[in-house]
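Let's take a walk through this one together, a step at a time. Have the sequence and the model side by side as you read.

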Amino acid sequence: MAKRFATLEKIEHNRKITREMDEPFLYRLQSGLLLALKEQGRLNEVQYRHAQDRLDQQHREWIQKHKQKGEYP
């Protein structure tokens, strides 16, 4: 059976996505893209783990920065 990949069918509430307003969404989107690249064989396990670890670190730093400013729940 051939693998099926996600496809974009429509865009609702189209607006500019920014790190300041959409960090949780961007983090999940980037994580999903890394996993898709691994599943397609474009990243090996080591490359995937390294990229995901770096993305996790950036996300934690963003959360910490915004918690210190009182801007993150």
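Aspartate 22 counts as buried because its relative accessibility is 8% (buried means under 20% relative accessible area, exposed over 50%, and partly exposed in between, with a 1.4 Å probe and protein chains only). Its side chain meets that of arginine 15 in a salt bridge, at 2.6 Å from N to O. By salt bridge we mean a side-chain nitrogen of Lys or Arg within 4 Å of a carboxyl oxygen of Asp or Glu. Side chains of opposite charge can pair when their charged atoms come close.

Before going further, a word on what you're looking at: this is a predicted model, where local features need pLDDT of at least 70, side-chain atom pairs count only at pLDDT 80 or more, and totals for chains, interfaces and linings use all residues. Residues are numbered from 1 along each chain as its sequence is written, and side-chain values use heavy atoms, with hydrogens and water left out.

Next along is glutamate 23, which sits in helix 1. (Helices here are DSSP runs of H or I with at least four residues, strands are runs of E with at least two, and both are numbered from the N terminus.) Glutamate 23 is buried, since its relative accessible area is 2%. Its side chain meets that of arginine 19 in a salt bridge, 2.3 Å from N to O. Both residues belong to helix 1 and are four residues apart, about one turn of the helix. Arginine 19 is partly exposed, because its relative accessible area is 35%. And what else does glutamate 23 touch, once its neighbours within four places in sequence are left aside? It is in contact with Thr18, His59 and Trp62, where contact means heavy atoms within 4.5 Å.

Now step back to helix 1 as a whole. It covers residues 19–39, and although it has 21 residues, its end C-alpha atoms are only 26 Å apart, short of the 30 Å a straight helix would reach at 1.5 Å a residue. (That expected span is 1.5 Å times one less than the number of residues.) Follow the helix to phenylalanine 25 and you'll find a bend of about 50 degrees; the bend at a residue is the angle between axes fitted to the seven residues ending there and the seven starting there. Just after helix 1, glycine 41 takes a positive phi of about 85 degrees.

Which way do the buried residues of helix 1 face? They pack against helix 2, residues 45–68. The buried residues of helix 2 pack against helix 1 in turn, and among them are Tyr48, Leu55, His59 and Trp62.

Salt bridges that share partners join Lys38, Glu45 and Arg49 into one network. In total, the structure holds five salt bridges.
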